[in-house]
Amino acid sequence: MTIRVLIADDQQLVRTGFQMILDAQPDMEVVAAVADGAEAVAEARRLRPDVCLLDIRMPKLDGLEVTRALAGPGVENPLRVVIVTTFDLDEYVYGALRSGATGFLLKDSGPTLLIEAVRAAAAGDALVSPSVTVRLLQHVAQPRRAPAPVNDPLTERELDVVRLIARGRTNQEVAAELFVSLSTVKTHLGSIFAKLGVRNRVEIAAWAWESGVVS
């Protein structure tokens, strides 16, 4: 199955470079490469790509507004959005995270991470790695209040899973560190999603950093 990707970035060099990298993959196809946020929303709604790769700073609509329009709370059939950012755009990144973004990519991360981020998003997962997402989350989601209220509190084991997810561990790494099976980790994740009312691993990590579960 081919992963259909939309790229939105106001720098032509970035768009061209990303498109060359992704189109060279046997399982990927760039279906649109646009230069502003308004066009990104229009083309994404028209083409329904599997993954939208969005810059933060764009003309007309920025990446935060585009993310909210395509993947935000209340959006029917939300699209999968990966944010492309530079590390200093802290409040933009935090806002995009809370608006439904499923992953982050630094512009200088290189082709391998770009490909991994797109594949992860297409699979319904998020690229959560210590070198990228966790650094961003630590930078942008310093504890701002007491732990967010949860109607059905997490168990101690679920909190263990949350802490590891927030530090960038994969399911396999969580299973190894907690000495449980992969299926057990997936069961815990399903319960965590339901209790926190989140849709992906990045939102779990954001909740953990924001609420002070990890520091």
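Predicted model: local features only at pLDDT ≥ 70, side-chain atom pairs only at ≥ 80, totals over all residues.
Stop 1: Select residues 182-196. This is α9, a helix of 15 residues. From first C-alpha to last, α9 reaches 21 Å. That is close to the 21 Å expected at 1.5 Å a residue.

**Stop 2: the buried side.** Now pick V185, H188, L189, I192, K195 and L196. These are the buried residues of α9. They sit on the same side of the helix, because they cover an arc of only 130° around the axis. What do the buried residues of α9 pack against? Show α7 (156-166), α8 (171-178) and α10 (201-211): those are the partners.

Stop 3: Go to the loop between α8 and α9 and select F179. F179 is not a glycine, yet its phi is positive, near 60°. Is F179 buried or exposed? Its relative accessible area is 77%, and exposed means over 50%, so F179 is exposed.

**Stop 4: another loop.** Last, find K60 in the loop between β3 (51-55) and α3 (63-71). K60 is not a glycine either, and has a positive phi of about 70°. With 68% relative accessibility, K60 counts as exposed.

Conventions: Residues numbered from 1 in each chain as written. Heavy atoms only, no water. Helix = DSSP H or I, 4+ residues; strand = E, 2+ residues; numbered from the N terminus. Expected span 1.5 Å × (residues − 1). Buried < 20%, exposed > 50% of the residue type's maximum accessible area, 1.4 Å probe, protein only. Arc of directions from axis to C-beta. Contact = heavy atoms within 4.5 Å.
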